[in-house]
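Hello,

Here is the structure I said I would pass on. My notes follow below it.

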Amino acid sequence: MAQKVQVLLLDDIDGGDASETVSFAIDGKSYEIDLNEANAKKLREALEPYTAAGRRGAGRPARGSRGTRASSGSQDTAKIRAWAKENGYDVNDRGRVPANIREAYEKASA
C-alpha cells in the first residue's frame, strides 16, 4: 500500500497558509516560525536595523544568500523554484525548498 504524506505550513501569527519557515536567534536561543510572505517581510523589516548594526556571532554555518536560511525571502524562493524546475529538480510549488536544491542553486549562482 502506498502513502503520500503532505506537510502544510500554517502561519504561526495569523493561522493562514505559510510560505516559509524563518529561523532567527536572540539571547543565545534559536527560534523557527512559519510565516506567510507578508509576515516574514514584517519580521525581517523589524529586525533589519539590528542586523545591519550588529556583527555576526559564532554559530552554525550560514545558509542562504544573505547569511541564514531565515533571510532567504520569498522572491529568492521563487527564483530557486524556477531554477530548480528548469534544471530537472522535483520541487513543490509551495512550502519549504529542500536544502539540497538551495545549495545547488547557490553553487550554480556563484
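Glu 45 and Lys 41 form a salt bridge through their side chains, at 3.9 Å from N to O. Keep in mind that this is a predicted model. Both residues sit in helix α1, 4 residues apart, or about one turn of the helix. Residues three or four places apart in an α-helix point the same way, because there are 3.6 residues a turn. Glu 45 is partly exposed, at 49% relative accessible area.

The count of salt bridges is 4. Another one joins Glu 20 to Arg 44, with the closest N and O atoms 2.9 Å apart. Glu 20 is in strand β1 and Arg 44 in helix α1, so this pair ties together parts 24 residues apart in sequence. Both Glu 20 and Arg 44 are buried. Asp 93 and Lys 85 also pair, at 2.2 Å from N to O. Here Asp 93 is exposed, at 58% relative accessible area, while Lys 85 is partly exposed at 44%.

Now α1 itself. Asn 36 caps its N-terminal end, with a side-chain oxygen 3.1 Å from the backbone nitrogen of Ala 38. The helix kinks by about 45 degrees at Leu 47, shortly before Pro 49. Its buried residues are Asn 39, Ala 40 and Arg 44. They pack against β1 (20-26) and β2 (29-35).

Last, the core. The largest nonpolar one has 8 residues, including Ile 80, Trp 83, Ile 101 and Ala 104. The elements giving it two or more residues are α2 (74-86) and α3 (99-109). Beyond its neighbours within four places in sequence, Ala 104 contacts Trp 83 and Tyr 89.

Best wishes

Methods: Residues numbered from 1 in each chain as written. Predicted model: local features only at pLDDT ≥ 70, side-chain atom pairs only at ≥ 80, totals over all residues. Heavy atoms only, no water. Bend = angle between axes of the 7 residues up to and from the residue. Buried < 20%, exposed > 50% of the residue type's maximum accessible area, 1.4 Å probe, protein only. Contact = heavy atoms within 4.5 Å. Polar contact = N/O pair within 3.5 Å; in protein donor to acceptor, adjacent residues only side chain to side chain. Core = buried A, V, L, I, M, F, W, Y, C linked by side-chain atoms within 4.5 Å.
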